[in-house]
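Work through the exercises below with the structure in view. Each task is followed by a solution in steps.

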There are 2 protein chains.
Amino acid sequence: MPKDKFVVYGDSRSGNYYKIKLLCSQLGIAYEWHEVDILAGDTRTAEFLAMNANGKIPLLALPDGRYLAESNAILTYLADGSELAGSDRFSRAAVLQWMFFEQYSHEPNIATSRFIIQYLGNPPDRQAALEEKRLGGYKALDVMEQQLGDNTFMAGSEYSIADIALYAYTHVAHEGGFDLNGYPATRAWLDRVRAMPGHVPMESR
Amino acid sequence: MPKDKFVVYGDSRSGNYYKIKLLCSQLGIAYEWHEVDILAGDTRTAEFLAMNANGKIPLLALPDGRYLAESNAILTYLADGSELAGSDRFSRAAVLQWMFFEQYSHEPNIATSRFIIQYLGNPPDRQAALEEKRLGGYKALDVMEQQLGDNTFMAGSEYSIADIALYAYTHVAHEGGFDLNGYPATRAWLDRVRAMPGHVPMESR
């Protein structure tokens, strides 16, 4: 039956879900929450795959029954038309540049290291993969540090969904074994993001 | 000195550059071309890193001197306001959903397999990585096949930059060792994309 609000399917410990939670808090968007446990196989059921053939969370169900996948695409949908998506043609694209950077260079290294350590219990057969992700993750952090040495926020002078996307796993990078001590501009940016109106932490719901 | 048109830095054999070439052909956008050879270290020079701290191509230089990185963000900039970026809020986000899918689930498997085989000469020490990418790549192709069994184009009924992004490496997937024989809906979509006005092939410039 049709819903009167958005439904979000996700894992409450996941940074990719936290992105949506944080944006919804800042834009005042209400949604219904469905916890999904990927380790229990919840994303491989026929029911879930009918909603997202790629079997991934988070997933947004619109009130009209349509679905949107990919955390950063969900952010662009929810922020569409707001200043958080960028206020002109160049800034909209710069916001997306950093969101694609997040999904290609940052998340596969930093978020998945956290997943291996915190979710999978840091098993011996993942140590080679972790080592490779350590190198890639620090390289991504180096790029952020340089950008944040020159800019207040990731895509320039304005807070945007690029900051939300990159804050999600950067602020818990230590849970994946990353040390941010050598990244002062990034740590100052984490503080600025945390101080934005409507900010909510990852853990509590 | 200020340019009167866009400058694109890239590798003419790369699908990530081909995305931009194809879109510019279809939108009638002129640009100046700079060939960049990543294997020769062209993206690690101080000059290049000053343009893109992430050291990646393709890179778009705007006439006003600003830079945009990430192939799919460049597509959104060039297509901004055109129907190729999606004609309403949902379709714009659906286009981006498939572009994030491309960068997270498709390109790291299918494009990098092609890179290992065609650029690096398929060295023995990359066989384990190739095997893992084979599994991930076929999983991505399975998701596309299901989407294209139900839809004319990746994001629905309209051709978009999501099709350009996914066509780029799917149409040369065989060069990375992928066999599309079991993917009839995907092969029919490749033909539809190839038949769009202004289409240009990857090889010739």
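**Exercise 1.** In this predicted model, which side chain meets that of A:Arg92 in a salt bridge?

Solution. Step 1: the partner of A:Arg92 is B:Asp80, with N to O at 3.1 Å. Step 2: A:Arg92 belongs to helix H4 of chain A, while B:Asp80 sits in the loop between H3 and helix H4 (89–119) of chain B, so the pair joins two chains. Step 3: A:Arg92 has a relative accessible area of 32% and is partly exposed; B:Asp80, at 28%, is also partly exposed.

**Exercise 2.** Decide whether A:Glu102 and A:Lys19, which form a salt bridge, are buried or exposed.

Solution. Step 1: the N to O distance of this pair is 3.0 Å. Step 2: A:Glu102 in helix H4 (residues 89–119) and A:Lys19 in helix H1 (residues 15–27) of chain A are 83 residues apart. Step 3: buried means under 20% relative accessible area. A:Glu102 has 0%, so it is buried; A:Lys19 has 0%, so it is buried too.

**Exercise 3.** Find the strands at the edges of the open sheet in chain B.

Solution. Step 1: the four strands follow the order S2-S1-S3-S4, with mixed pairing. Step 2: S2 (31–35) and S4 (67–69) each have a single partner strand, so these two stand at the edges. Step 3: S4(B) runs antiparallel to S3 (residues 59–61), and three bridges join them. In S4(B), B:Tyr67 is the bridge partner of B:Ala61. Step 4: helix H3 (residues 71–79) of chain B packs on the sheet and touches S1 (6–10), S3 and S4.

How values were computed. Residues are numbered from 1 along each chain as its sequence is written. Chains are lettered from A and ligands numbered from 1 in the order in which they are written. This is a predicted model: local features need pLDDT of at least 70, side-chain atom pairs count only at pLDDT 80 or more; totals for chains, interfaces and linings use all residues. Side-chain values use heavy atoms; hydrogens and water are left out. Two strands pair if DSSP finds at least two bridges between them. Contact means heavy atoms within 4.5 Å. Axes are lines fitted to C-alpha atoms, for helices over the stretch in contact, and angles run from 0 to 180 degrees between N-to-C directions. A salt bridge is a side-chain nitrogen of Lys or Arg within 4 Å of a carboxyl oxygen of Asp or Glu. Buried means under 20% relative accessible area, exposed over 50%, partly exposed in between (1.4 Å probe, protein chains only).
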